[in-house]
Amino acid sequence: MERPRLKAHFSTEVLDDAKVFLLAEGQHYLVRGAGSGRVLPYLDGRHTVMDIVQALAGELSPAQAVLAIRRYEAAGHLVEGRPPLTDPVLAFWDAQGVDPAAVVTALERTSFRLFVGAGVDPGPVEALLREHGLRTDPDGDGTVVAVVDDYLDPGLEELNAECLAAGRPWVLVRPAGTVAWLGPLFQPGSTGCWACMSQRIEGNRQVERYLAGKRGDGLPPYHPVRESLQGGAAAVGGLLAAELVRTAATGLPSTLQGKMITVDLRTLTSAEHQLIRLPQCPVCGDPSLIREREPKVTLASRSARHVTDGGYRVELPSATYARLERHISPYLGAVTRLRPWADEDNGVTYSFTAGHNFAMLGDNMDLLRRNLRGQSGGKGRTEIQAKVSALCEAIERYSGVWRGEEPVLKAAHADLEEGLAVHPSDLLLFSDKQYGDRDAWNSDPSHRLHLVPERFRTDLPLDWSRAWSLTADEERLVPAGYAWYGHPDLERHFYCVGDSNGSASGNTLEEAILQGFCEVVERDAVALWWYNRVRRPAFDLDSLKDPYVDTLREFYADMGRSLWLLDLTTDLGVPAFAGVSHRLDHPVQDVIVGFGAHLDPRIAALRTLTEVNQFLPSVRRRDENGETIYHDDDIATLRWWKETTVESDPWLLPDPAQRPRTLADYPVSEGADLAADVETCVARAAACGLEVIAVDQTRPDLELNVARVLVPGMRHFWRRLGPGRLYDVPVALGWRTEPALEEELNPTSVFF
């Protein structure tokens, strides 16, 4: 080292000639040895080693002087020379471990091109770039800096295409707004592109997208911010300039590469948001990954290593959460948020909610309102299980949204090969009376979950999604408007209401299909019990021999609430339960219910209990008079809580004439092979004359498999009163002596 310089970010304290303390932000060092204090004033990058030796010739021998200098060098505290930078800037780069000389060189050879969005004043950002020594040149070949007031600025589409073609990096910044946006830096070939990002942003702008649809101009939901603070622009511009200098000087990847950082100017907090690369992106990816995906489902043998209330899973919930957490963001996420359902943590009941990103909703104000308030729910006996449950359900819903890139066949049902296409009536199961009364029924706002659609037209060309029959091992076609959320066919022919019945996610496709089938079984069992109002035997919770269950019952009892399970297992032989809890000390009983089904009766019971827990926060709070403060304003839900009692509806109570079921009454599967478990489910359905069909809805940009499982003939627990299992199975199982008449069925519909 010819001209040694002590790094400029150090403050020094010399105790004596042999002890020098170096102090910096978060750093404290001690340099020991004779002459350490004597050489310190000369370590300024202007003196050579020989200069220092000569200057101290009367105090230190040449060997002592050189040895004192080398102590600083060996500890990494010295750098070479002094570039033409101010002391504060020099100290900044020294603290970062960046060679200031490389900074000067990089600034001399690097220029940036500035892209300015419509109506944007780039002045503050451009001034800060210049202040940091960065040159802007409209013909420069360096990184493009795009300053906009909205990341959906129409001009960015062309800039994205240009930079992709040239392999040129570019970075976005939105300095205005109460929350300033910095990044991401797009690196062609390494990160997602602007089109990947805009798909997520558009999906999270539901109101703006609705209004854009009403305008009919075909433009994206562009929403430039109006508020601006000079200090905010300066802060974000300064951070961007410093980052551009650092990457230019070091050649290392930028911190902003594939990442957006937001700075909330109201709370002075920051957050990171991951740019997710879409492998199927039509601009930078391969759209055929979805457009040409084959419908065939091939099951692979996999062992479930995690077997609890979350079902059969191949990995721990913590591992799943770590993999998926990056998809949570209010701006760039497939999931907008994840938070506890209740404010307090009681250590017993865990429930989380996750916000939806629904990219396609159509021009429907009611759907918009419902989706803005909608959320996915997660439950579990542990906090991490509840978080993963909510997160995975939100990704499941996101994956089920129609985006126009899914493989379909357009045809009228009447023109399709017989047996190939599933008729919607076999999935919906509405009665003739329901169709006849639909206008009057649908006009009641309390029936929002139970809308009756139009009769299906077999002569109208519609989209059909490719699916796979696990029963026959051959292709099936299912109505795309039924299989996906927000399909445009429903805007011109409202033949169904989109729902999530049979939709499920998993670490593997086998996990997802098994869980989806169990959900179909659960809702079918609930429908048979609920609408027939049949008495069912209790399930003996003591037989679980589970300390958590004992703690949970004590917890409910301390709140003055009951808790029991009913056995709803049907002809399919898959254990299914209903959980019921009511308030014991008040005429308004706030009855809450939860359901669960699984091949493993223990898992089915625990899922039922944790689903009951999900509803508890909605009825738990009370005012000073002991009246419930409800966490919901839905008409049908409030009516149920306020009016239903176990005395008026004894079918909610265990049947005293029947022996309580215990764990020993059900065969137990251990999840040793998930593919075999799916095959068991398919076989049990086939024995009941039912076909199991799966639609693979897995998206390449998400590390989670999603499937929609359809079993024509099985019943949703929403109000679907057509002929079939709802009437026949209760008689076959001995629940009733004769089939009910439609007008005898429970007038109260399932409220969720």
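**Figure 1. Overall surface and fold of the predicted model.** The accessible surface of the protein comes to about 31400 Å², with 51% of this area belonging to carbon and sulfur atoms (areas from the Shrake-Rupley method with a 1.4 Å probe, where for residues only the protein chains shown count as cover). This is a predicted model, in which local features need pLDDT of at least 70 and side-chain atom pairs count only at pLDDT 80 or more, while totals for chains, interfaces and linings use all residues. Residues are numbered from 1 along each chain as its sequence is written, and side-chain values use heavy atoms, with hydrogens and water left out. The protein has 25 helices and 27 strands (DSSP runs numbered from the N terminus, helices being H or I of at least four residues and strands E of at least two). Of its 752 residues, 56% count as buried (under 20% relative accessible area; exposed is over 50% and partly exposed in between, with a 1.4 Å probe and protein chains only).

**Figure 2. A nonpolar surface patch that includes Leu 30.** Leu 15, Phe 21, Leu 23 and Leu 30 together form this patch, with about 330 Å² of accessible area (patch residues have over 30% relative accessible area and no salt bridge, like charges being joined within 9 Å and nonpolar side chains, namely Val, Leu, Ile, Met, Phe, Trp and Tyr, within 5 Å; a salt bridge is a side-chain nitrogen of Lys or Arg within 4 Å of a carboxyl oxygen of Asp or Glu). Leu 30 lies in strand E4 (residues 27-32), and it counts as partly exposed because its relative accessibility is 35%.

**Figure 3. Two edge-to-face aromatic pairs.** A search of the whole structure finds 27 aromatic pairs (rings of Phe, Tyr and Trp, the last by its six-membered ring, with centres within 6.5 Å; planes under 30 degrees apart count as stacked, over 60 as edge-to-face and the rest as tilted). The ring centres of Phe 555 and Tyr 556 are 6.3 Å apart and their planes stand at 80 degrees, so the pair is edge-to-face; both residues are buried. Phe 577 and Tyr 666 are likewise edge-to-face, because their centres are 5.7 Å apart and their planes at 75 degrees. This second pair links distant parts of the chain, 89 residues apart, with Phe 577 in strand E24 (residues 576-581) and Tyr 666 in the loop between helix H23 (635-643) and helix H24 (674-687). Phe 577 and Tyr 666 are both buried.

**Figure 4. Arginine charges over aromatic rings.** The charged end of Arg 174 sits over the ring of Trp 181, 4.3 Å from its centre (CZ of Arg or NZ of Lys within 6 Å of the ring centre and within 35 degrees of the ring normal). Arg 403 lies over the face of Tyr 398, at 4.3 Å from the ring centre.
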